[in-house]
Amino acid sequence: MDIGEVLVKRKLLLIGNFVLTSGKTSPYYIDLRRFPSYPEFRQVVDEAIKKVEKVDFDFIMGVATGGVPLASFLACRMGIPMGYVRVERKGYGTDKLVEGEVTGRKVLVVDDVATTGGSLERASAEIVRSGGKVVGALVIVDREEGASEKLRSLGIDFISVFKISDILRSLSSTLSENERKLIEEYLGGTK
Ligand SMILES: O=P(O)(O)OC[C@H]1O[C@H](OP(=O)(O)OP(=O)(O)O)[C@H](O)[C@@H]1O
Ligand SMILES: O=C(O)c1cc(=O)[nH]c(=O)[nH]1
């Protein structure tokens, strides 16, 4: 599977001017929330399973909302229990951020995309507060804007199924010269 081609074909890679969760602005956006709508998502799950083969974990936690579908597919395929970390408290009911029995567990945190790694860091901190040990973080796409360095500095193994630099390389004939340059200049500036 050429992930770049799939992202373009399914309109999951968007070119424009986007505000990100970190407050940064970006000339591109990867919208993987609709990825499970398409059959290619199964292949991504297969790839993800191969990538985490050597990680010693016994619990999967998705980062809501983008990380929940992948966490669910992985948990089901691997026979490993799962839960998820909410973006914010509801303010009613149990008012929990961590929805999962992570106490004493070795946790793999899962998200769709990583940019700064702030969301994975926040989710990991909540899991630790709930008594879990975060041993690894897995994302489908690493935008290569600091997440890997941030997670490793926290002692968490960071794994991505795809990196944006590889996706861009595979898209050299699909994106216009201008689109490719815009993204490359942006990525150059974020290093
Ligand atoms: O590495 P970061 O700089 O934290 O950015 C990546 C995060 O941004 C997106 O989530 P978003 O906050 O848009 O929430 P959503 O998944 O609920 O749409 C994405 O799903 C990651 O969780
Ligand atoms: O950093 C983000 O907020 C972000 C970037 C991106 O490409 N896709 C996404 O879902 N979130």
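S119 is buried, because 25 other C-beta atoms lie within 10 Å; a residue is called buried with 20 or more such neighbours, exposed with 12 or fewer, and partly exposed in between, with C-beta atoms placed from the backbone. This is a predicted model, in which local features need pLDDT of at least 70, side-chain atom pairs count only at pLDDT 80 or more, and totals for chains, interfaces and linings use all residues. Residues are numbered from 1 along each chain as its sequence is written, while chains are lettered from A and ligands numbered from 1 in the order written.

S119 sits in helix 4; helices are DSSP runs of H or I with at least four residues, strands are E runs of at least two, and both are numbered from the N terminus. Beyond its neighbours within four places in sequence, S119 contacts T21, V63 and D111, a contact being two backbone-placed C-beta atoms within 7 Å. G118 belongs to helix 4 too, but G118 counts as partly exposed because it has 16 C-beta neighbours inside 10 Å.

Both S119 and G118 fall under the "binding site" annotation of the unreviewed UniProt entry, which also includes R86, K90 and D111. The annotated residues spread over 34 residues of sequence and up to 25.3 Å between C-alpha atoms. UniProt positions follow the numbering used here, with shortened feature names, and annotations may be inferred rather than shown by experiment.

Now to helix 3 (residues 68-78), whose buried residues are V68, P69, L70, A71, F73 and L74. These pack against helix 2, strand 3, strand 4, strand 6 and strand 7.
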